[in-house]
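Open the model in a viewer and keep the selection tool at hand. The tour below goes from one selection to the next and says what is there.

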Amino acid sequence: MESSARRDSPLMTPREIYERLDRFVIGQEAAKRAVAIAAHNHLKRIQARRLRRTSLLKKSNILLIGPTGSGKTHIARNLAEILSVPFTTVDATEYTEAGYYGKDVEVMVADLLFKANHSVEDTQRGIIFIDEVDKIARRSQGARNGAGSRDIGGEGVQQALLKLLEGREVFVPMNVTQTFNRGDFVPIDTRDILFICAGTFSDLHEYGGNVDTRPMGFGAQDLQKVRRRVTTRQLVDFGMLAEFLGRLPVVVQLELLGEPELLRVLTEPPDSIVREYRELLGLDGIELELTDDALREVVRFSIDKGLGARGLRSILEHVMSDVMFEAPEHRRRQVTVDQGFVRTRLAGLEASAGLGA
């Protein structure tokens with residue numbers, strides 16, 4: 001009854017999807033708008049098919065391009081929660097061309113089937129997030145006569161993904177741990193499965209001669225923020241198949257998050273790391289105060305190491321480890337973490353990292 005009521009409820013508008021994304025995803029305004037529009041169109045496609053209407057709507061698969069820690073996975077995961085659909089994250093580097101040792105691309109649909117509690121209907125309207133898609137770029141570009149080595153982890157995977165991205169009925173294993181047992185398979189129609197691909201494409205600036213070199217000198221930081229849009233030609237030169245890109249019509253570029261955005265990531269979202277630590281210590285009856293200067297120190301460390309938002313949790317885990325260890329037997333009811341404490345802890349982290357190198 002609940003699922004049918006959900007299906008009969010009015011579709012969320014792009015603005016509603018954007019506003020709900022905005023609660024959990026800091027910054028990346030253009031990316032959130034583009035994803036909200038694509039998600040709304042996805043819902044309309046599903047509704048039209050459910051009402052058995054003939055529709056011209058094509059799949060709005062998405063390609064997210066952005067640096068590490070800019071929020072690509074975070075956007076996709078929160079989008080799935082907003083749309084109340086099954087969601088799975090897969091790593092493109094785990095898959096190989098059919099017939100070789102490694103996972104066949106159908107296994108990613110099997111992962112989604114597992115997340116949907118083996119409901120075929122729910123699986124067929126879910127979201128598959130394919131990370132590290134830039135790592136399956138064509139690598140054997142040298143030999144134009146076909147004499148080059150077989151590229152089973154790059155172009156072959158892109159070719160295999162075409163049928164899923166476009167929308168076909170495929171047979172997927174019921175048990176993702178037994179992909180080589182050809183007994184238990186179920187047909188899944190991928191026409192209404194939304195695919196969100198993501199990659200850093202870190203050295204994309206080297207491809208396509210129309211892209212400026214990295215800015216240097218005074219004002220370089222400001223120039224770097226004004227980046228040109230990535231073109232299809234650059235992505236093809238990078239090693240992505242034109243047919244593969246043609247099935248990812250929505251291309252979204254994410255910006256590198258700066259200090260103000262990373263500070264907001266730490267404190268603003270309902271599931272922020274700082275709120276989590278306050279709740280953890282609150283269970284022991286301890287009130288935690290993290291000063292603004294302390295949080296800025298954590299953010300600067302993340303920026304210096306190029307970790308982005310993804311690195312904030314691991315940095316704070318290290319900073320707070322002694323506090324969390326001693327918390328249950330703490331006699332004071334309030335703990336303050338200031339800039340000096342954070343600097344001392346991070347200095348120790350850098351020293352140990354240097355020792356390991």
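Predicted model: local features only at pLDDT ≥ 70, side-chain atom pairs only at ≥ 80, totals over all residues.

Start with helix α12 (residues 273-282) and α14 (310-326), whose axes come within 11 Å and cross at roughly 20°. Helices here are DSSP runs of H or I with at least four residues, numbered from the N terminus. Axes are lines fitted to C-alpha atoms over the stretch in contact, and angles run from 0 to 180 degrees between N-to-C directions.

Residues are numbered from 1 along each chain as its sequence is written, and side-chain values use heavy atoms, without hydrogens and water.

α12 passes α14 in a right-handed crossing (the near helix is turned clockwise from the far one by less than a right angle). To see the contact (heavy atoms within 4.5 Å), select Ile273, Val274, Glu276, Tyr277, Leu280 and Leu281 of α12 with Leu312, Arg313, Leu316, Glu317, Met320, Val323 and Met324 of α14. By class, ten of these residues are nonpolar, none polar and three charged. Nonpolar means Ala, Val, Leu, Ile, Met, Phe, Trp, Tyr, Cys and Pro, charged means Asp, Glu, Lys and Arg, and the others, Gly among them, are polar.

Next, select helix α2 (residues 14-24) and helix α3 (residues 29-50), which pack at an angle of about 130° with axes 8 Å apart. The two are therefore oblique to each other, and their crossing is right-handed. On the α2 side, Pro14, Ile17, Tyr18, Leu21 and Asp22 take part, and they meet residues of α3 including Lys32, Val35, Ile37 and Leu43.

Ile17, Arg20, Leu21 and Phe24 in α2 meet His74, Ile75, Asn78, Leu79, Ile82 and Leu83 in α4.

Where does the second largest pocket have its centre? Select His74, Arg77, Val265, Ala309 and Arg310, which lie nearest to that centre among 22 lining residues. A pocket is an open set of points on a 1 Å grid with protein on both sides within 12 Å along at least five of seven lines, where a 1.4 Å probe fits, and lining residues have an atom within 4 Å of a point. α4 gives the most to this lining, with six residues. The lining divides into nine nonpolar, seven polar and six charged residues.

Conventions. Parallel < 35°, antiparallel > 145°, perpendicular 65-115°, else oblique.
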